[in-house]
Amino acid sequence: MGATNVTFATGATSGEGLVTRVERTPTGAIVVVDTTPFHPVDHTWPDQPGDAGVLSSNGQQVAVTEAVMAAVSDTGDFAVGIDIPVKRGAEGWTWLVGHRLDGEAPSWLVEGAAVRLEVDAVRRSGLSRGHTACHLASLALDLAVADLWRKDPGADALGNPDFESRANQTSCIQEDGSVDQYRLGKSLRKAGFDTEGFAASLADRESQINAQLATWVASGADSRIEVDGPTIVDRRRWHCDLPEREAVILCGGTHVSSLAEFAQISVALDLSDPQLLVMTTTVDRVAV
Ligand SMILES: [Zn+2]
């Protein structure tokens, strides 16, 4: 049995596959299928929640509560999510997408069964908008604080000083939004970032980010995912044809196909704790 093939990078939300494994776990059965449109939550950087949906066969169906990463070692150990003891893609392990059920697998859902996989497409598109908006907001944040660096921190996907990769500590993507936390501690100051200047001009920075996001949304730029290969562990990159230049970011998540899907993206910056910047991004979608 090889690594799971995944089709979500093209925007797919349904497909057919063969069940290759059904594992019982204390939190519900995990079903592995050879090919899936389900996007799993990553076990090392869990920014985007896994897809939910339905598996069905011959008129019978069962709900998938969340798609997760799973892996089986060359010696036969099967592990799921945060219990996987190695980094994604590590040698000696076969990498799988697990479909977590609420309870035991029904009797028809066995190894070798042909199944139809259907992702909750409404939830998926909300998460895709949230994820694309999250990347755009962080690029706009990098740009809005570019003048506050006294040393070169390296360049982001648009060539601006890379605040995001220096300071971001968690990213939590939701349907139509995200929350990002940035550590503004001693090490960032040592790296040359003017945290006092930032705190003193927070409202201006927030306005700059929102103005930039409005410009990008108005561009209606194409957005897509490119992959190195078909399996869950092949690298994937988000590409977005912004007016300045094409932005390319290594990313395992799902995304919109065009910025025309947004009516507005806006952020709110919170520095209640002077050591922790919280950026909350909110999406208004275009009415359909
Ligand atoms: Zn991403």
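Tutor: Let's begin with what a pocket is: on a 1 Å grid over the protein atoms alone, a pocket is an open set of points with protein on both sides within 12 Å along at least five of seven lines, whereas a cavity is a set where a 1.4 Å probe fits but cannot get out; lining residues have an atom within 4 Å of a point. The model here is predicted, so local features need pLDDT of at least 70 and side-chain atom pairs count only at pLDDT 80 or more, while totals for chains, interfaces and linings use all residues. Residues are numbered from 1 along each chain as its sequence is written, and side-chain values use heavy atoms, with hydrogens and water left out.

Student: Which residues lie nearest the centre of the second largest pocket?

Tutor: They are G11, S128, H255, V256 and S257, out of 17 lining residues. For the volume, grid points are joined across faces, edges and corners, and the space filled by probe spheres set on the points is taken. That comes to about 220 Å³ here.

Student: Which element gives the largest share of that lining?

Tutor: Elements are DSSP runs numbered from the N terminus: helices are H or I with at least four residues, strands are E with at least two. Helix α1 provides the largest share of the second largest pocket's lining, four residues, and β12 (223-227) also supplies at least two. By residue class, the lining holds four nonpolar, nine polar and four charged residues. The classes are simple: Ala, Val, Leu, Ile, Met, Phe, Trp, Tyr, Cys and Pro count as nonpolar, Asp, Glu, Lys and Arg as charged, and the others, Gly among them, as polar.

Student: And how much space lies in the largest pocket?

Tutor: About 910 Å³. It has 34 lining residues, and W45, I249, L250, C251 and G252 are the closest to its centre. Two or more lining residues come from each of α1 (121-144), α2 (163-167), β10 (168-174) and β14 (246-250). Again α1 is worth a look, as it gives the most to the largest pocket's lining, with six residues.

Student: Now the metal. Which residues coordinate the zinc ion?

Tutor: Donors are N, O and S atoms within 2.8 Å of the metal (3.2 Å for Na, K and Ca), and water is not among the atoms, so sites may look incomplete. Here the zinc ion is coordinated by H131 (NE2), H135 (NE2) and C251 (SG), at 2.1 to 2.3 Å. Their spacing in sequence is H-x3-H-x115-C. Distant parts of the chain are linked this way: H135 sits in helix α1 and C251 in the loop between β14 and β15 (262-273), 116 residues apart.

Student: Are H135 and C251 buried or exposed?

Tutor: Buried means under 20% relative accessible area, exposed over 50%, and partly exposed in between (1.4 Å probe, protein chains only). Both H135 and C251 are buried.

Student: Why does L136 count as buried?

Tutor: L136 has 0% relative accessibility, so it counts as buried. This residue belongs to helix α1. Beyond its neighbours within four places in sequence, L136 is in contact with L213, W216, W238, L242, L259 and I265.

Student: Which residue other than glycine has a positive phi near 50°?

Tutor: That's N58, in the loop between β5 (53-57) and β6 (60-73). N58 counts as exposed because its relative accessibility is 77%. D176 is not a glycine either, yet has a positive phi of about 60°. D176 is in the loop between β10 and β11 (177-183), and at 21% relative accessibility it counts as partly exposed.

Key:
Contact means heavy atoms within 4.5 Å.
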